[in-house]
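Dear colleague,

Please find the structure below, with its sequence. My findings follow directly after it.

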Amino acid sequence: QVQLVESGGGLVQAGDSLRLSCAASGRTFSLYAMGWFRQAPRKEREFVSGISWSGARTYYASSVKGRFTISRDNAKNTVSLQMNSLKPEDTAFYYCAAMTYRGGIFELLLRDRANYGFWGQGTQVTVSS
């Protein structure tokens with residue numbers, strides 16, 4: 001089991017940057033693939049980015065590719081999301097989540113929120129125009 005706590009959200013202007021962090025408890029953090037999702041008002045929670053156990057494989061939603069970078073530090077039990085060139089449409093509540101991989105096409109599983117067993121409480125990101 002793992003507990004997740006996000007931090008780093010806030011109110012910024014379009015074009016600014018933010019770095020979200022997610023701290024995980026437990027000694028098995030490196031066994032989980034990790035993902036970032038976001039949910040805007042009246043919208044479904046959507047995949048933003050995901051990363052494999054070692055950090056060697058990373059994936060992004062097309063809307064953030066080239067602007068956001070996901071990384072993890074297994075020694076510190078953290079996963080981060082560097083968000084650059086923020087846009088008003090990036091405004092949402094951002095969640096990190098942990099996924100146990102049990103086989104299948106990894107990228108497809110990573111992009112589907114139904115495959116994540118552990119979620120943080122989220123952090124708000126607001127981008128003004």
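Predicted model: local features only at pLDDT ≥ 70, side-chain atom pairs only at ≥ 80, totals over all residues.

Residues are numbered from 1 along each chain as its sequence is written, and side-chain values use heavy atoms, with hydrogens and water left out.

Helices (H or I, at least four residues) and strands (E, at least two) are DSSP runs, numbered from the N terminus. Buried stands for under 20% relative accessible area, exposed for over 50%, and partly exposed for values in between, with a 1.4 Å probe and protein chains only. Strand S9 covers residues 92-99, and seven of its eight residues are buried, so the strand is largely enclosed by the rest of the structure.

Strands are called paired if DSSP finds at least two bridges between them. S9 pairs with strand S4 (residues 33-39) in the antiparallel sense over seven bridges; here methionine 34 stands opposite alanine 98. Three bridges, again antiparallel, connect S9 with strand S11 (residues 123-128), where valine 125 is the bridge partner of alanine 92. S9 also runs antiparallel to strand S10 (residues 118-119), joined by two bridges, and alanine 97 faces tryptophan 119 there.

A nonpolar core is a set of buried Ala, Val, Leu, Ile, Met, Phe, Trp, Tyr and Cys residues joined through side-chain atoms within 4.5 Å. The largest such core has 38 residues, of which Trp36, Leu81, Met83 and Tyr94 touch the most other members. S9 supplies the largest share of this core, six residues. Contact means heavy atoms within 4.5 Å; leaving out residues up to four places away in sequence, tyrosine 94 touches a set of residues including Trp36, Leu81, Met83 and Val125.

Arginine 72 belongs to strand S7 (residues 68-73).

A polar atom of the arginine 72 side chain lies 2.9 Å from the backbone oxygen of serine 52. The side chains of arginine 72 and asparagine 74 are joined by a polar contact of 2.8 Å. A polar contact is a pair of N or O atoms within 3.5 Å; within protein, one must be able to donate a hydrogen and the other to accept it, and residues adjacent in sequence count only if both atoms are side-chain atoms.

Alanine 33, in strand S4, counts as buried because its relative accessibility is 0%. Beyond four places in sequence, its contacts include Arg72, Ala97, Ala98 and Met99.

**Positive phi angles**

Most residues other than glycine have a negative phi. Arginine 42, although not a glycine, has a positive phi of about 65°. This arginine is in the loop between S4 and strand S5 (46-51) and is exposed, at 84% relative accessibility. Serine 85 likewise has a positive phi, near 50°. Serine 85 lies in the loop between strand S8 (78-83) and S9 and is partly exposed, with a relative accessible area of 39%.

Yours sincerely
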